[in-house]
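This report covers cavities, salt bridges and surface features of one protein model.

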Amino acid sequence: SSTLYALPPGFVESSCRSRIFWMKLNKLLLQGKFFQLEIYDPYAGPVLLDEKLASRCGYVLSEDVWGNPTFRASVLGCHVANEADELFSLTVNIKVSSFSSMRAAVTYTYPMYCSYPSWASREIVCEENYMEVSVKTDVPAVSNDYTVAWMSALPETQNVAYQQWQLMFVSPSGRKRITVSDAVKLGYSFNNTLSRVYLRAPYHSNESDISVVSGVNMNMVTSTSMYRQRWLLLLIDTTVSCPIDGISFTNTTLTWTVPSIIPILVIQESTFLSKNIVMGVDDQVIVNPEEKNYLLEHNETHIRITIPIGAEEGKLKSSISGGVYGVIYSIDLFLEHTWTDAGWQTTKYTVFKSITTPFMPQIPTVINNTVPEERLFNVEFGHFLPDVSLVTIAIGNVPFTPREAQYHGFKIYETFFSNRTKGFILEVSFDDPYVLKEYVNRNETKYTLLVNYTLSVGPEMKLYYHSAEVECVIADIELPEAAGYCDEENLYLTLPTFGLHQYWNLYLGNKLLNRHIALTNGYLAATNSTHLILQIPLFAAGVIYEEVSFQKIKARFDVALRKVRTMEILQMFSISCSFNSSAFIICHPDGTVMVSAQMKTVPAIDMSKTKLRDSSCKPRDYNEAHAFFKFHVTTCGTSVRFEGDHIIYENEISYEKEILPGQSIATITRDPDYRLTILCYYQAKETLVLGALVSDSATSPPFGSGTMVPTSNTAAYRRVRQVLNVVSRVSKDKSFMEFYEPNKVILKRSVEPLFLEVELKDESPNVELYLENCWVTRSLDFNSTPRWNITVDGQVILNDQCIH
């Protein structure tokens, strides 16, 4: 049951366009409700509108592109009241309920009126769900009262009248002649008014056929209506043909094509004359299409309408397909073409077309508008239609609603563009804890903003996800500058502590300069709130002696500033000073020993006459109180022994007393005895990496440490020649864990390192290993050439031919 109510304001709009009733309901007043339409028949009462009734009776129920329910009806529809083929009226009941069962429905009655006095000889309407042709004739009406439609409450009268009409269909399957009542059962509608006969046909019926006209598929029903009464036989051509496609798309436009001449409707094409072409959107005629950038063009074969996608009369809608954002554009068009030909005085041909584009992907763009000087990310995300809203935004994988993001300190706001789209702008400080920070290059920080957007898209409110990564690199880190100075016995290096261990570390050679290394090498390290102060004794490990001369040493200490992760050297901090030292011993890593020996005897001796174990090794320089020696550990009678993890090289400086010439026995003199023992310590298990072709100061080995011990006469050390158990192997890498098989050829490029291990297997304490000659060849023959020397007479050889 239902009750009649007055219409709410703005609920219904209606018009009469040409020969079509047009009614539109406001969807806003139907939100959350259900509705039905009833067609009011003055004799039979309300008839519920369904799809089958609509196509047979000349009705269309659909939605416009904005989602508003739309109803259209032909003035020749089943339940339309007709006055002299000029005035037409139709009453529609609109039932609205909160329940799908339509119980407790509210019913609004809405009458519509249409005046259409100027009929063409033949009028054809191509609607979404039916084709209709009406032809002017003077045949008497089906019933005595021409205002009564064929679906009136008087079926007996109809049946009598219908017996006088028959329909002849011509299709590929042959000819078929049926009565009007049988045609109704097949979905057709036929009747005659005071001055016209009309036939309404569904698309794709059994009696229809498809033909291609100028590249457009046309659905056509070829029929002849026959009226027989006593001596009268009247044949009327009620053939109808409508386009069923003709739509094409580009990225920016949609095009609708309709044939200019449809042969089955124009028997004598030579007499065809196009009179007028009109296009419209919804129920409005577009008077000047070019003003809206519409293109209406026609020639002998085609009428073509081109619409820019996004035109205001249509609707763009956001959508999601396969996780991709895109848009769909819809527009409701109609076309009226009026022509004349010899067969018919005038034909008015009207086509309605609701067009929707396929899904068009619109990959959103992320624009980085960041100004580094402001230390603020500014990210623009767009472009979207107004039906898109931001649900959440994740910064560094932490999700925030827009309200939470604002509370945290992010700025999020919408921005609108001239093409009716919008975007979302996000502002995040570089210093926000959710921004990733990475130290790069020499003095730069790379700030990375990871953003994940979650959007609600379209009227269906589907979720769309999009991630973005925005980077900004700015030079906002100041590399530390070191200062150095010296006193009489130490070198000092001071540098800022900011960034140490966070961005960079200090390295001594290839070793991290930490507290353990500092203590081991005898350095003193002190820090205050801003600086690190490093004290390096003159004779500590790691000091580089640039120049050593008699009673003078020019020493340098280098520390490398390296990046924490990549070990890249960013800066070398060096302090260099000259020292006056009366006595010293310096043991170089290549085995060179430099000694400044001081005379401490009473009475004084002639320092020029001092010598090493090998008496041919004399001072390089001397004065009354000092003697300066420089020699290699493999010369001048230097002995070697192993003690724990160290190799100890030993020599001594002595003074040879004078003997008077020509006498066989020694002469007693006042010269004192002078013995000075020289010891150089080297780590026995230190891996020595030599680079002849690739030079890297970072791989230089640490210096040996030396001491001078005055002692009495010591017996000379002699080596006994014997067969030794010596094994040599080549390691595959610097770990010395995996070795090549013996007696196998090893191929290496000249820039590749070679890791050689020589081991003495004898456990006798009187046996020591001394690597005298070592070389590399291309074959197993010891005498093959070319050969590359590694050591010769115990000394490392580095030249431009030597490989590692």
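## Basis

This is a predicted model, in which local features need pLDDT of at least 70 and side-chain atom pairs count only at pLDDT 80 or more, while totals for chains, interfaces and linings use all residues. Residues are numbered from 1 along each chain as its sequence is written, and side-chain values use heavy atoms, with hydrogens and water left out.

## Second largest cavity

The whole structure holds four cavities of 30 Å³ or more. A cavity is a set of points on a 1 Å grid over the protein atoms alone where a 1.4 Å probe fits but cannot get out, and lining residues have an atom within 4 Å of a point. The second largest cavity has about 110 Å³ of space. It is lined by 14 residues, of which Trp 22, Arg 72, Glu 128, Asp 282 and Asp 332 are the closest to its centre.

Strands S3, S6, S7, S28 and S29 each supply at least two lining residues, and S29 gives the largest share, with three. Strands are DSSP runs (E, at least two residues) numbered from the N terminus.

## Salt bridges

A salt bridge is a side-chain nitrogen of Lys or Arg within 4 Å of a carboxyl oxygen of Asp or Glu. By this rule there are 25 salt bridges. In one of them Arg 19 meets Glu 123, at 3.3 Å from N to O. Arg 19 lies in the loop between strands S2 and S3 and Glu 123 in strand S11, so the pair ties together parts that are 104 residues apart in sequence.

Arg 19 is buried at 3% relative accessible area, and Glu 123 is buried at 1%; buried means under 20%, exposed over 50%, and partly exposed in between, with a 1.4 Å probe and protein chains only. Another salt bridge joins Lys 422 and Glu 414, with the closest N and O atoms 3.2 Å apart. Lys 422 is buried at 6%, whereas Glu 414 is partly exposed at 37%.

## Surface and strand residues

Tyr 465 lies in strand S39 (residues 462–474) and counts as exposed because its relative accessibility is 54%.

Ser 549, in strand S46 (residues 543–549), is partly exposed at 25% relative accessibility. Ser 549 and Ser 596 are 47 residues apart in sequence, with their C-alpha atoms 8.7 Å apart in space.

Conventions:
Helices (H or I, at least four residues) and strands (E, at least two) are DSSP runs, numbered from the N terminus. On a 1 Å grid over the protein atoms alone, a cavity is a set of points where a 1.4 Å probe fits but cannot get out, and a pocket is an open set with protein on both sides within 12 Å along at least five of seven lines; lining residues have an atom within 4 Å of a point. Grid points are joined across faces, edges and corners, and a volume is the space filled by probe spheres set on the points.
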